[in-house]
Amino acid sequence: MSLYYVQKLLYKLNRDPTLKQRFDSDQDAVLDEYSLSEEEIKALKRPDIGLLYVLGVNGQLLMHYATMSGYSWPEYIQAMRDGVEYYGPVREGIYAMIDGNGAT
Amino acid sequence: MSLVYAGTCCHSPGITSRGELADPEIRQQLLQAFDRQRQAIEDADTQAIVMVSSEHFANFFMDNMPTYSIGMADEYEGPIEDPDWLKVPHTRIPANPDLSLRIIQQVLQSVDVSYAQEWKFDHGMAVPLHFLTPDYKIPIIPVNINCQNPPFSPLSRTWELGKALRRAIDIAPERIALIGTGGTSHWPCTPDSGRINESWDNEMINHLINKRKEALLAYTDEAIYQQAGPGGYEVRTSICIAAATEEQTGEIWFFAPIPIFATTCCITTLYQLE
């Protein structure tokens with residue numbers, strides 16, 4: 001699992017307009033620069049916000065990626081709920097720390 | 001003695017970005033309480049505000065996450081969020097690097113902190129400043145406590161940070177206000193966003209104004225997560241201010257759960273010149 005690098009990419013995308021431009025024009029090249037699993041790459045490319053939540057991405061980073069990807073606030077919240085229903089409990093990260101459910 | 005005022009306030013981005021969606025009467029009362037705090041800071045002839053917040057990955061990340069950090073820049077800017085979304089105009093915020101240096105040197109006598117000469121404020125500081133220093137004339141010394149991603153500092157160490165800040169403020173000749181932002185229950189950016197635990201908030205705020213050190217330090221991260229959500233980790237900012245002002249009983253100036261702002265909005269005064 002490389003949750004750290006998923007989160008690092010989202011952190012940098014939110015802060016670095018040049019990286020964002022590169023990501024928009026050649027997503028694969030940017031993703032290649034990070035140590036990511038197949039599942040993480042799939043979740044980032046689709047994007048599958050629900051799966052990213054289940055993989056453990058901190059909401060304070062995920063919400064910016066969702067907004068960047070065109071999600072409205074209610075769509076973002078719903079995507080996380082759908083993710084937990086489809087993929088199961090949060091697997092890692094801050095929301096898995098206690099009960100693994102994160103979403104209740 | 002150079003502490004002239006201390007208190008806490010809420011920093012929910014909803015207060016500015018979704019202001020019109022709240023009950024107008026409640027929001028008006030909240031804005032009046034913010035204005036009362038602004039007035040208290042001004043009436044104390046405040047020359048600098050030390051603002052303790054928990055930023056949300058605007059500057060700090062897990063590649064080298066500081067448990068505590070204090071700003072020492074020549075100036076700051078914010079908000080980092082889209083100003084049209086937050087409805088807080090992007091602006092430069094005045095600093096006092098010389099005072100920062102003296103505070104950092106003094107705090108380091110007892111608590112390890114990192115310092116930062118670059119800092120973009122997010123809503124955790126930008127929303128309170130929008131109400132407390134609307135003309136951005138008072139220099140700000142930002143202090144950050146990591147409350148976003150564990151491992152977090154033990155609450156007992158956060159208490160010591162508050163004590164260290166107070167010692168540093170007390171030997172500075174400047175008239176300084178100390179403000180903590182955030183701290184009530186919330187589940188930000190999660191499927192539970194909007195959930196509020198009013199009774200937890202009410203109990204915590206009463207511990208806070210009565211400076212009940214034992215009760216405040218008895219919280220565990222597990223219990224905070226279950227009862228106050230991941231946003232509840234920000235109680236560290238409030239505990240820090242309580243520690244800095246332990247000798248006085250505080251007052252609650254505003255307390256109301258406001259679901260559209262995703263938290264209980266609260267404004268307290270924890271120290272005033274007598």
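This is a short tour of a predicted model, stop by stop.

**Before you start**

Residues count from 1 along each chain as its sequence is written, while chains are lettered from A and ligands numbered from 1 in the order written. Because the model is predicted, local features need pLDDT of at least 70, side-chain atom pairs count only at pLDDT 80 or more, and totals for chains, interfaces and linings use all residues; side-chain values use heavy atoms, with hydrogens and water left out.

**Stop 1: chain A**

Chain A has seven helices and zero strands. Helices are DSSP runs of H or I with at least four residues, strands are runs of E with at least two, and both are numbered from the N terminus. Along the sequence the pattern reads α-α-α-α-α-α-α. The radius of gyration of chain A, taken over C-alpha atoms, is 13 Å, close to the 13 Å that the globule rule gives for 104 residues, so chain A is as compact as a globular protein of that length. That rule is 2.2 Å times the number of residues to the power 0.38. The C-alpha atoms fill a box of roughly 35 × 30 × 20 Å along the principal axes.

Now colour chain A by accessibility. Of its 104 residues, 46% are buried. Buried means under 20% relative accessible area, exposed over 50%, and partly exposed in between (1.4 Å probe, protein chains only). The accessible surface of chain A is about 5000 Å² (Shrake-Rupley method, 1.4 Å probe), and 47% of it belongs to carbon and sulfur atoms.

Next, show contacts, meaning heavy atoms within 4.5 Å. Among contacts in chain A with a separation of 6 or more, 57% are between residues 24 or more positions apart.

**Stop 2: Cys189(B)**

Select Cys189(B). Where does Cys189(B) lie in chain B? The place is the loop between strand 8 (176-181) and helix 7 (198-209). Cys189(B) counts as buried because its relative accessible area is 4%. Cys189(B) touches Gly59(A), Gln60(A), Met63(A), Trp73(A), Tyr76(A) and Met80(A), leaving aside residues up to four places away in sequence. Then pick Pro230(B), 41 residues from Cys189(B) along the chain. Their C-alpha atoms are 9.8 Å apart.

**Stop 3**

Side chains of opposite charge can pair when their charged atoms come close. A salt bridge here is a side-chain nitrogen of Lys or Arg within 4 Å of a carboxyl oxygen of Asp or Glu. The whole structure holds 18 of these salt bridges over all chains.

Select Glu246(B) and Lys163(B). Their closest N and O atoms are 2.7 Å apart, in a salt bridge. The pair links distant parts of the chain, 83 residues apart. Glu246(B) sits in the loop between helix 10 (235-244) and strand 9 (251-258), and Lys163(B) in helix 6 (residues 155-170). Glu246(B) is partly exposed at 33% relative accessibility, and Lys163(B) is partly exposed at 22%.

Stay on helix 6 of chain B for Arg166(B) and Asp170(B), four residues apart, about one turn of the helix. They meet in a salt bridge of 3.0 Å, N to O. Is each one buried or partly exposed? Arg166(B) is buried at 10%, whereas Asp170(B) is partly exposed at 27%.

Last, select Arg236(B) and Asp221(B). This salt bridge has its closest N and O atoms 3.1 Å apart. Arg236(B) lies in helix 10 and Asp221(B) in helix 9 (residues 221-228), 15 residues apart. Arg236(B) is buried, with a relative accessible area of 1%.
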